[in-house]
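Please read this briefing alongside the sequence and the displayed coordinates.

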Amino acid sequence: MIETLAISNYRSILKLVLPLGRLNVITGANGSGKSNLYRAIRLLAETANDGVVSALAREGGLTSTFWAGPEELSRRMYSGEVQVEGTPRSKPKRMRMGFGSSSFGYSISLGLPDATEPSSFGFDPHIKHEAIWAGMLRRPSTMLLERDHSVVKVRKDSEWEIAAKDIQNFDSVFSQLADTSTTPEVFWLREQMRGWRFYDHFRTDRDSPVRQPQIGTRTPVLRHDGSDLAAAIQTIFEVGDRRTLESVIAEAFDGASVTVTSNEDGRFTVLFRQYGLLRPLTAAELSDGTLRFLLLTAALLTPRPPSMMVLNEPETSLHPDVVPALAKLILNAAESSQVWVVTHSAKLIAALKKKKDCNLLELEKKLGSTQLKGKTEFDGPAWKWAD
């Protein structure tokens with residue numbers, strides 16, 4: 001489980017170090033930086049899929065994602081004693097992301113290409129530094145791997161060895177050195193991060209594939225777009241927690257039930273049965289809110305729980321009356337996975353806070369910088385960047 005997350009110099013986040021728990025609820029006013037925090041977590045996950053450079057390109061490039069304020073915000077600036085003013089930069093401009101856990105920690109630093117490296121891809125971010133260490137806190141004695149530009153060294157029996165001398169500046173160590181025999185920590189971290197799941201956008205419009213019959217195959221993990229909903233529900237019926245699925249649907253929709261049927265072509269269809277109707281409704285006939293609740297149910301009751309699951313505004317399109325049932329699903333998922341919920345819903349927050357160890361993180365902006373409410377960048381868990 002990740003116990004500390006650190007982000008620096010990304011959009012509205014100048015410096016943010018968050019303490020994490022099993023269930024983390026992220027909230028705050030509009031514009032406080034919730035979406036930026038969510039996007040930063042997704043970027044961090046992309047490093048394990050060797051996609052962080054292309055992901056930043058889709059965001060408009062590294063220059064557009066850098067923090068737009070001064071290099072440093074001092075305590076006197078926060079207190080109002082002095083004005084917020086820019087000064088000449090004293091350090092290279094870097095965007096940094098990292099986390100610490102009881103097993104391993106990881107950090108990555110990205111910057112713009114050096115002027116001495118002419119290329120048509122001059123705005124592509126370069127990976128300047130990566131580090132992996134044992135445990136939550138990085139210390140010289142816990143370091144296992146360090147990458148400085150194109151050179152990677154690993155610790156072997158208390159001695160440092162060069163593992164690579166010419167790694168490309170757009171390649172992460174996860175794509176080049178994940179070997180179970182020589183660098184097991186890299187392989188283990190990569191597989192853990194690749195298993196993180198993000199659910200932030202389910203298409204429920206009229207032409208959504210969720211509303212159409214789909215070829216059915218065993219689906220222990222719902223796709224990020226939910227297009228295999230029927231197969232995912234049928235998989236839960238056969239090898240998952242069918243009882244919870246049925247009870248939650250009945251609670252949310254006044255005794256309703258869900259079944260899955262298949263035709264001669266092997267295409268699966270969701271059928272929604274509700275008291276008072278003479279026939280079941282297909283997915284094509286369901287409201288956006290009902291269909292979205294079924295998608296969240298299939299995602300949260302996965303028979304193959306991930307190490308971490310992140311939900312971005314799951315209450316969207318849902319009626320407040322079904323929020324308690326959604327909260328039960330989230331609390332159930334938090335028993336086997338680390339769960340993040342980014343939400344505006346006061347009702348959902350109140351329901352999740354009933355869990356004793358719920359970690360509520362309320363964000364706000366101070367001088368344009370995203371911070372935990374009531375704190376500044378100088379507060380929070382211990383963290384020091386490896387570079």
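This is a predicted model: local features need pLDDT of at least 70, side-chain atom pairs count only at pLDDT 80 or more; totals for chains, interfaces and linings use all residues.

Which residue takes a positive phi in the hairpin of strand 12 and strand 13? It is Gly266, with a phi near 80 degrees, in a hairpin that has four residues between its strands.

**Strand 13 and its partners**

- Strand 13, which spans residues 267–273, is mostly covered, with five of its seven residues buried; buried here means under 20% relative accessible area.
- Strand 12 (residues 257–262) pairs with strand 13 in the antiparallel sense over six bridges, and within this pairing Ser262 has Phe268 as its bridge partner.
- Strand 11 also runs antiparallel to strand 13, to which two bridges join it, and here Gln214 is the residue that stands opposite Phe268.
- Strand 14 (residues 281–282) is a further antiparallel partner of strand 13, again over two bridges, with Leu271 bridged to Thr282 in strand 14.

- An open sheet is built from six strands in the order 10-15-16-3-17-18, and its pairing is mixed.
- Strand 10 (197–199) and strand 18 (369–372) stand at the edges with a single partner strand each, so one side of each is left without a neighbour in the sheet.
- From one strand to the next, the twist of this sheet averages 20 degrees.
- Strand 15 (residues 308–312) and strand 16 (residues 338–342) run parallel and are joined by five bridges, and in this pair Met309 stands opposite Val339.
- Helix 1 (residues 34–46) packs on the sheet, where it touches strand 3 (23–28), strand 10, strand 15, strand 16 and strand 17 (358–366), and its direction makes about 145 degrees with that of strand 10.
- Helix 10 (residues 323–333) lies across strand 3, strand 15 and strand 16, and runs at about 145 degrees to strand 16.

**Val221 in its loop**

- Val221 belongs to the loop that connects strand 11 (214–215) with helix 7 (229–239).
- Its relative accessibility is 27%, and Val221 therefore counts as partly exposed, the class that lies between the buried limit of 20% and the exposed limit of 50%.
- Leaving aside residues up to four places away in sequence, Val221 touches Arg197, Tyr199, Asp228, Thr302 and Arg304.
- Val221 and Val84 are 137 residues apart along the chain, and their C-alpha atoms are separated by 48 Å.

**The two largest pockets**

- The largest pocket has a volume of about 460 Å³ and is lined by 20 residues, of which Ser8, Glu72, Lys91, Arg96 and Trp385 lie nearest its centre.
- Strand 1 (2–10) and strand 2 (13–19) are the elements that give two or more residues to the lining of the largest pocket.
- Sorted by class, the lining of the largest pocket holds eleven charged, six nonpolar and three polar residues.
- The second largest pocket has a volume of about 340 Å³, and among its 19 lining residues Arg42, Trp196, Arg197, Phe198 and His224 are the closest to its centre.
- Helix 1, helix 6 (184–194) and strand 10 each supply at least two residues of the lining of the second largest pocket.
- Sorted by class, the lining of the second largest pocket holds eight charged, seven nonpolar and four polar residues.

**Enclosed cavities**

- The structure holds three cavities of 30 Å³ or more, and the largest cavity has a volume of about 50 Å³.
- The lining of the largest cavity is made by Lys15, Leu16, Val17, Gln371, Leu372, Lys375, Thr376, Glu377, Asp379 and Gly380.
- Strand 2 and strand 18 each supply at least two residues of the lining of the largest cavity, and strand 2 gives the most, with three residues.
- By class, the lining of the largest cavity divides into four charged, three nonpolar and three polar residues.

Notes:
Residues are numbered from 1 along each chain as its sequence is written. Side-chain values use heavy atoms; hydrogens and water are left out. Two strands pair if DSSP finds at least two bridges between them. Axes are lines fitted to C-alpha atoms, for helices over the stretch in contact, and angles run from 0 to 180 degrees between N-to-C directions. Contact means heavy atoms within 4.5 Å. Buried means under 20% relative accessible area, exposed over 50%, partly exposed in between (1.4 Å probe, protein chains only). On a 1 Å grid over the protein atoms alone, a cavity is a set of points where a 1.4 Å probe fits but cannot get out, and a pocket is an open set with protein on both sides within 12 Å along at least five of seven lines; lining residues have an atom within 4 Å of a point. Grid points are joined across faces, edges and corners, and a volume is the space filled by probe spheres set on the points. Ala, Val, Leu, Ile, Met, Phe, Trp, Tyr, Cys and Pro count as nonpolar, Asp, Glu, Lys and Arg as charged, and the others, Gly among them, as polar.
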